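Let's walk through this model together, from a pocket to the rings around it and on to the strands. Keep the 3D view open as you read.

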Amino acid sequence: MNSELPVHFFTIVLNGMPFIRYHMDVFAKLPFRWHWHIIEGVADLVRDTAWSLRNGGQISDILHKEGRSDDGTTQYLDGLAAKFPESITIYRKPCNVFWHGKLEMVQRPLATLQEECLLWQIDVDELWTAEQLTKGHALFCRHPGKTAALYYCHFYVGPELVVTTLDTYGNYSSSEWLRTWHYMPGDCWQSHEPPRLMRKMPSGSTFDVGRANPFKHAETSANGLIFQHYAYATEPQARFKQDYYGYGDAVAQWKLLQSQKQF
């Protein structure tokens, strides 16, 4: 059992308030060595998210300020990095320069990640408890042959509306949610949607780390590892996705959903 296995969390974010304030208090309680990599800014609609253009997705000026957050996230992160320089690294493009898609964003921390670790994706609206993260870490330590982990979530579609049923919207076991990988130096991302972390073998062949030998949903959920996913908890979230991804009438439909009393 390798209880010394560190965890490197990573989050890509643009306008992450109020959820971005949640994570640091949780990480501070963890009993193992960890580091939080935060990649902030606008991801251009290329590569993995180029499909948004066909839907009418666009990056309007109201979504950002000079390519970065305009809701206080930038200033909050600067304060965190100044307070915890050994535990937090922030990656940004120069002002008014967009990232070349989300793939470039998630790839950026790997350039300096030169140790075996757990690589754990935590989107800004995905909330875990310290107890859950500690259990997840211990699970990998007890089973070093495991390469990744899939999880279920409680998928919020409003402040008080949450989807918990399995293999329905927000919890399709065929594709959701791969969030943790047993990383080895040299691994690299082939795509972000879906997340595919590739490893090159001495023979020259490559394989998908996430598909090799992952913990399945049944195993992680049996250990209480079901996170809270506030994907559509607020109207600003629905508005962002309507504009960025081209989800037509997302705001109007979100408001209509909130008015429903029976399901």
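The second largest pocket holds about 280 Å³ of space. Here a pocket is an open set of points on a 1 Å grid over the protein atoms alone, with protein on both sides within 12 Å along at least five of seven lines, and lining residues have an atom within 4 Å of a point. Grid points are joined across faces, edges and corners, and the volume is the space filled by probe spheres set on the points, with a probe of 1.4 Å. Before going on, please note that this is a predicted model, in which local features need pLDDT of at least 70 and side-chain atom pairs count only at pLDDT 80 or more, while totals for chains, interfaces and linings use all residues. Residues are numbered from 1 along each chain as its sequence is written, and side-chain values use heavy atoms, with hydrogens and water left out.

The lining of this pocket has 13 residues, and Val157, Tyr169, Tyr232, Trp254 and Leu257 lie nearest its centre. Two or more lining residues come from each of S8 and helix H9 (250-258), and H9 gives the most, with four. Helices (H or I, at least four residues) and strands (E, at least two) are DSSP runs, numbered from the N terminus. By type, the lining divides into twelve nonpolar residues, one polar and no charged; Ala, Val, Leu, Ile, Met, Phe, Trp, Tyr, Cys and Pro count as nonpolar, Asp, Glu, Lys and Arg as charged, and the others, Gly among them, as polar.

A pair of aromatic rings is described by the distance of the centres and the angle of the planes. Rings of Phe, Tyr and Trp (its six-membered ring) pair if their centres lie within 6.5 Å, and planes under 30 degrees apart count as stacked, over 60 as edge-to-face and the rest as tilted. That rule gives 23 aromatic pairs. One of them joins Phe155 and Tyr232, tilted at 55 degrees between the planes and 6.5 Å centre to centre. This pair links distant parts of the chain, 77 residues apart: Phe155 is in strand S7 (residues 153-156), and Tyr232 is in the loop between strand S14 (227-229) and helix H8 (235-244). Phe155 counts as buried because its relative accessibility is 5%, and Tyr232 does so at 13%; buried means under 20% relative accessible area, exposed over 50%, and partly exposed in between (1.4 Å probe, protein chains only). Both rings belong to one aromatic cluster, which also includes Trp34 and Trp36. Lys241 lies over the face of Tyr232, 4.1 Å from the ring centre; a charge sits over a ring if NZ of Lys or CZ of Arg is within 6 Å of the ring centre and within 35 degrees of the ring normal.

Now turn to strand S2 (residues 34-40), where seven of seven residues are buried. Trp34, Trp36, Ile38 and Glu40 cover one side, with His35, His37 and Ile39 on the other. S2 pairs in the parallel sense with strand S1 (residues 7-13) over seven bridges, and Ile12 has Ile39 as its bridge partner. Two strands pair if DSSP finds at least two bridges between them. Four bridges join S2 to strand S3 (residues 88-91), also parallel, with Ile38 opposite Ile90.

Finally, an open sheet of mixed pairing runs in the order S5-S14-S7-S8. Strand S5 (126-127) and strand S8 (162-163) each have a single partner strand, so one side of each is left without a neighbour in the sheet.
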